[in-house]
Amino acid sequence: MDDLQFRRKIYADPNGKDEDLLAALQADPAKQDFANELNKLDDRLREAMKVSVPDGLSEKLILRQTFASHQQKKRKSRVHLALAASVAIIAGLAVNYLQFSSSYSNLGDYALAHVYHEQDLFSNSDNAQVSLTRLNQKMSTFDGSFKQSMGELISADYCRFDGMKSLHLVYKGITDTVTVFVVPNRDDIDFRDSFNDSKLHGEAIGFKHANVIVVADKNESLTKWQRAINNNISWST
Amino acid sequence: MTAQVSNIMATKQVRYEALVKALHTDLYRYAYWLTHDKQVSEDLVQETFLRAWRALDSLKDEKAAKSWLITILRRENARRFERKRFEMSEYEEASVMDTQSTSTEQEIENHWLREKIAQLPPEYSEPLVLQILGGYSGEDIATMLNLNKNTVMTRLFRARNQLKEALDEQPISRGRYNG
């Protein structure tokens, strides 16, 4: 290694562990002195380079990060809040939909289910309670009225017939109660004029303003009831 | 699940704080020699650590943490120049350095040396700071600065050569040096 090469190497890295450099140093004490001199220079430069660091810099760095991730968290919780709100809205809509939309595809199925649901509330031995006047007060909601009583009326009340405000009439029958529903016309539910299951049968009559559905046990003649309704009912408009 | 997440977060926080404590000094000094401005250095270090926090999961080897942070800091510094291309003359840079009216001899010498280091062209001073202060080898520096090793060695040679010459020309310093 010539002097120029040595100078270049030692200046580039006074601590160099390069074999050629170490050999050159070994061979020449003057070069060792020079290397030492440069090492001292490095020590002085190192001291000079150690500029003072602002007080509390590390605390500041930690604090800033805490704030930054706190804000991130806040943003996240806002997202969570928005999500929760959306879920609540959807849940609300779903409840609304389920409550006010038809879960039965046709009038008959619903009428049967409704009757079974309330069969314990009424008994054929109940005394008649509802007068024709009171019945017609309720019928006025549907712009209809009955000319005369079709039998002993145990109960007349508004009810939700598959989400629609309807009139639910319970008459005394031969062996069991006879149920008559007055239901507003609706397009989205399949109108079926007769239906039955093992115990009950029913018929629906479509009028201009409403459907009238009769449900009774199989001892009852639906035709008789239908005729009575047809003869009795009248619509105001 | 949430407990696990907060546990991971807590671990991350511990890692981050350890990183800050161990390396903020080195990083600040490196930033200082890169920018010659205390305020800018502090901002750079803050920006660097914030980015480090976000990317902390990508740091697998703690031994590589320092060069990882330096790389982030250099990138941040480059960005700063993209944002506002303000130019500072080397003389102004030097005058920004701390001047202490009451100083020990050591401080006077440090101050004088700082001016000399600051007057080096940045492409010479940067590898020198990495070598002396950072303790990095020529290869490491070449990797970090994306240069080839010969270039780095040449720059280191020139940096020391210029500083040595400046020192040898300085009568007071030389007196101290020889005495």
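The structure is a predicted model, in which local features need pLDDT of at least 70, side-chain atom pairs count only at pLDDT 80 or more, and totals for chains, interfaces and linings use all residues. Residues are numbered from 1 along each chain as its sequence is written, chains are lettered from A and ligands numbered from 1 in the order in which they are written, and side-chain values use heavy atoms, with hydrogens and water left out.

Chain A holds seven helices and eight strands; helices (H or I, at least four residues) and strands (E, at least two) are DSSP runs, numbered from the N terminus. Of its 237 residues, 40% count as buried, where buried means under 20% relative accessible area, exposed means over 50%, and partly exposed is in between (1.4 Å probe, protein chains only). Taking the contacts in chain A with a separation of 6 or more, 54% come from residues 24 or more positions apart; contact here means heavy atoms within 4.5 Å.

Next comes the sheet. Six strands of chain A make an open sheet in the order β2-β3-β4-β7-β6-β5, and the pairing is antiparallel; two strands pair if DSSP finds at least two bridges between them. The edges are taken by β2 and β5 (194-196) of chain A, each with a single partner strand, so one side of each has no neighbour in the sheet. On average, neighbouring strands of this sheet are turned by 20° against each other, direction ignored. Between β2(A) and the antiparallel strand β3 (residues 164-171) of chain A there are eight bridges, and A:D157 sits opposite A:H168 in β3(A).

One residue to look up in strand β2 (residues 153-161) of chain A is A:S155. A:S155 is buried, with a relative accessible area of 10%. Leaving out residues up to four places away in sequence, A:S155 touches A:F122, A:V130, A:H168, A:L169 and A:V170.

Helix α7 (residues 222-232) of chain A lies across β3, β4, β6 and β7 of chain A, at about 25° to β6(A). For these angles, axes are lines fitted to C-alpha atoms, for helices over the stretch in contact, and angles run from 0 to 180 degrees between N-to-C directions.

Over in helix α6 (residues 132-139) of chain A is A:N136, which is buried at a relative accessible area of 19%. A:N136 touches A:G144, A:S145 and A:F146, again not counting residues up to four places away in sequence.

Now for the partner chain. 33 residues of chain A are in contact with 41 residues of chain B. The two chains bury about 3,800 Å² between them, 65% of it on carbon and sulfur atoms; buried area is the accessible area (1.4 Å probe) that two parts lose on being put together, summed over both. In chain A, A:Y11, A:R44 and A:M49 lose the most area to chain B, together 20% of what that side buries.

Helix α3 (residues 29-49) of chain A packs with helix α6 (residues 122-132) of chain B at an angle of about 100°, their axes 10 Å apart. In this pair, A:D42, A:L45, A:R46 and A:M49 meet B:L128, B:V129 and B:I132.
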